[in-house]
Amino acid sequence: MSNLKEILINKNICKSVWFMRQAGRYLPEFKNIRQQNQDFIQLCLDSKLSTEITLQPIKRFDIDSAIIFSDILLVPYALGQSVNFVQDTGPKLEKFDYYKFLNNDKNLFNQKLKPVYDAIRKTREKLNKNKSLIAFIGAPWTLLVYMLDMKLKKNEIDHNKIKLKVEQINLILDNLTKFLIIHIENQINSGANVIQIFDSWAGFIKDEDFENYCINPNLKIVDFCKSKNIPVICFPKGIGKKYKRFNEVVKSHGLNIDYEVDPGWAKANLKNVVIQGGLDPRVLLKPEKEMFDRAKKYLDTFKNSPYVFNLGHGLLPETDPVKVERLIKFYREHQ
Ligand code: CP3
């Protein structure tokens with residue numbers, strides 16, 4: 001049995017595989033669609049195409065779960081901040097307007113994101129019943145980084161942008177959390193079986209702000225998913241040893257570890273949770289033997305505990321789909 005929802009809820013030893021960014025970027029069938037659809041946000045909002053893209057890795061690899069083709073930045077978009085994907089420099093958002101942001105209306109937000117919910121409904125209809133459909137959000141802090149344009153070059157954050165405005169920042173995070181919960185509820189109502197929270201920039205939060213900007217917002221969202229009886233996987237990337245405290249306080253059903261977390265440490269320190277991922281996506285660019293050796297370390301470590309095979313970050317655009325196929329086969333032969 002490989003149903004992700006069951007595994008997360010029952011925390012049993014059953015095994016399952018899916019990959020972050022399994023839909024898009026590296027698949028030729030995706031690149032083909034992408035070439036004809038230059039506006040990335042509009043592509044995400046084309047429910048027919050996003051359903052098709054979501055199902056591409058299922059058709060190709062018969063992988064155990066589907067993740068809806070969408071983006072974490074659709075939420076700032078729906079909250080009135082336009083988003084542009086600039087080739088090679090990543091996403092660029094329109095300048096943040098505090099008062100406009102606070103005046104957002106729930107009906108307009110729902111209306112703007114309706115194509116995502118339609119895509120979830122369509123995908124759920126087409127997806128085999130034993131496969132889970134994962135929907136996702138960006139955590140409030142990670143969205144804030146993009147919304148306030150806090151990213152500097154070389155993976156650095158400009159903390160000055162939030163330094164003197166603690167009260168404003170807290171209000172923004174609270175309001176964002178409120179809309180993210182609406183977005184999760186809509187996705188659940190459309191047929192999503194599992195939620196994943198991407199806190200990709202959590203590793204850049206200062207220690208003294210960690211509770212306020214990482215733990216508390218994730219906890220609120222996890223508690224909401226629990227109230228809906230839907231399992232939730234957190235991915236607070238780059239937080240190192242703070243994964244232990246995060247797990248003890250937030251208590252999500254699943255916890256994705258990044259590639260810097262030692263699997264042995266995770267096994268010993270992250271209790272009462274289904275661990276997911278960890279494998280460095282760069283190993284898919286290495287010779288096959290090295291890829292299998294690195295994968296085996298995770299499979300051996302988590303042999304007798306509930307574990308979802310996945311990566312420590314998303315698949316890279318230059319990944320060869322044949323390698324993905326071989327890795328899935330290797331994983332299945334080792335069960
Ligand atoms: O297969 C899947 O995992 C589902 C689809 C998905 C996308 N984005 C599609 C996408 C998911 C889960 C995301 C999450 C996401 N988006 C995160 C969190 C995970 C992470 O990588 O840390 C973040 C930070 C974003 C924001 C974002 N979207 C960036 C920084 C970029 C540009 C750089 C990049 O990674 O490609 C995107 C674009 C994006 N989102 C693409 C896809 C398929 C590439 C679009 C293209 O073809 O140009």
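This report looks at one helix pair and some aromatic rings in a predicted model.

## Ground rules

Local features here need pLDDT of at least 70, side-chain atom pairs count only at pLDDT 80 or more, and totals for chains, interfaces and linings use all residues. Numbering starts from 1 along each chain as its sequence is written, and side-chain values use heavy atoms, leaving out hydrogens and water.

## Helix 2 meets helix 4

Start with helix 2 (residues 28-35) and helix 4 (residues 47-61): their axes come within 10 Å and cross at roughly 165°. That makes helix 2 roughly antiparallel to helix 4 (angles over 145 degrees, on a scale from 0 to 180 between N-to-C directions). Helices here are DSSP runs of H or I with at least four residues, and strands are E runs of at least two.

Who touches whom? On the helix 2 side you'll find Pro-28, Glu-29, Phe-30 and Ile-33, meeting Leu-49, Glu-52, Ile-53, Gln-56 and Arg-60 in helix 4 (contact means heavy atoms within 4.5 Å).

## Aromatic rings

The structure holds 15 aromatic pairs, meaning Phe, Tyr or Trp rings (for Trp, the six-membered one) with centres within 6.5 Å. In one of them, Phe-40 and Phe-85 have ring centres 4.7 Å apart and planes at 70°, so they sit edge-to-face (over 60 degrees). This pair links helix 3 (residues 40-44) to strand 3 (residues 83-86), with Phe-40 and Phe-85 45 residues apart in the chain.

Phe-302 and Tyr-307 are stacked, with centres 4.5 Å apart and planes at 15° (stacked is under 30 degrees). Both Phe-302 and Tyr-307 are buried (under 20% relative accessible area, with a 1.4 Å probe and protein chains only).

Finally, Phe-30 from the helix contact turns up again: Phe-30, Phe-40, Phe-69 and Phe-85 form one aromatic cluster.

Technical notes
Parallel < 35°, antiparallel > 145°, perpendicular 65-115°, else oblique. Buried < 20%, exposed > 50% of the residue type's maximum accessible area, 1.4 Å probe, protein only.
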